[in-house]
Amino acid sequence: MDVVTGKWKSLILWELHHHGVRRFAELRRGLPGVSEKMLVQHLREMEEDGLVHREAYPEVPPKVEYSLTEHGVPLNAALTSLGEWGAERMRRIGAEKVPVDAG
């Protein structure tokens, strides 16, 4: 559970799984509310944990792409049932009762 601790890590996994390779700005746009600092921190941690691959290209302006590794793909699949549980909970209790900071 340590590798997915943090509000944004599971959402980063989903975003990379759903869209494949993403540049930093694309990830940030796909995760409304995440700060640049938090996204950088989570991506670095996930890279260290072997879940995310970071590819930096020697260009000006810098180009960096992120994708899931062979270890990140099955973790994302394992989290699918947790996401389904959360969606069912929201339907059951009503989305208006779920705090915005939940998660």
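Two strands are taken as paired if DSSP finds at least two bridges between them. In this predicted model, β2 and β3 meet that criterion with 6 bridges, in the antiparallel sense. A56 stands opposite V64 of β3, and a hairpin of 5 residues connects β2 to β3. β1 also pairs with β3, residues 63–68, in the antiparallel sense, here over 2 bridges. In this second pairing R22 lies opposite Y66 of β3. In general, the strands of a sheet pair through backbone hydrogen bonds, in either a parallel or an antiparallel arrangement.

The chain as a whole contains 4 helices and 3 strands. Read from the N terminus, the elements follow the order α-β-α-α-β-β-α. The C-alpha trace spans about 50 × 25 × 25 Å along its principal axes. The accessible surface of the chain comes to about 7100 Å², and 56% of this area belongs to carbon and sulfur atoms. Of the 103 residues, 28% count as buried. Among contacts in the chain with a separation of 6 or more, 49% are between residues 24 or more positions apart.

The burial of β3 and α1 was examined next. In β3, 5 of the 6 residues are buried, so this strand is largely enclosed by the rest of the structure. In α1, the buried residues are K9, I12, L13, E15 and L16. These residues lie on the same side of α1, because the arc they cover around the axis is only 165 degrees. The buried residues of α1 pack against β1, α2 (24–30), α3, β2, β3 and α4. After α1 comes G20, which has a positive phi, near 75 degrees.

The largest nonpolar core comprises 18 residues. Within this core, the residues with the most contacts are I12, L13, L16, L39, L43, V52 and Y66. At least two core residues are supplied by each of α1 (9–19), α3 (36–48), β3 and α4. With neighbours within four places in sequence left aside, Y66 is in contact with L16, G20, V21, R22, F24, L27, L43, V52, H53 and R54.

Two loop positions complete the description. P61 is located in the loop between β2 and β3. The peptide bond joining V60 and P61 is cis, with omega about -5 degrees. T69 lies in the loop between β3 and α4 (72–93). Buried residues have a relative accessible area under 20%, and T69 counts as buried because its relative accessibility is 17%. The side chain of T69 reaches the backbone oxygen of G50 at 2.4 Å. Not counting residues up to four places away in sequence, T69 touches G50, L51, V52 and H53.

Definitions and conventions: Residues numbered from 1 in each chain as written. Predicted model: local features only at pLDDT ≥ 70, side-chain atom pairs only at ≥ 80, totals over all residues. Heavy atoms only, no water. Buried < 20%, exposed > 50% of the residue type's maximum accessible area, 1.4 Å probe, protein only. Polar contact = N/O pair within 3.5 Å; in protein donor to acceptor, adjacent residues only side chain to side chain. Contact = heavy atoms within 4.5 Å. Core = buried A, V, L, I, M, F, W, Y, C linked by side-chain atoms within 4.5 Å. Areas by Shrake-Rupley, 256 points an atom, 1.4 Å probe, with all protein chains shown as cover. Arc of directions from axis to C-beta.
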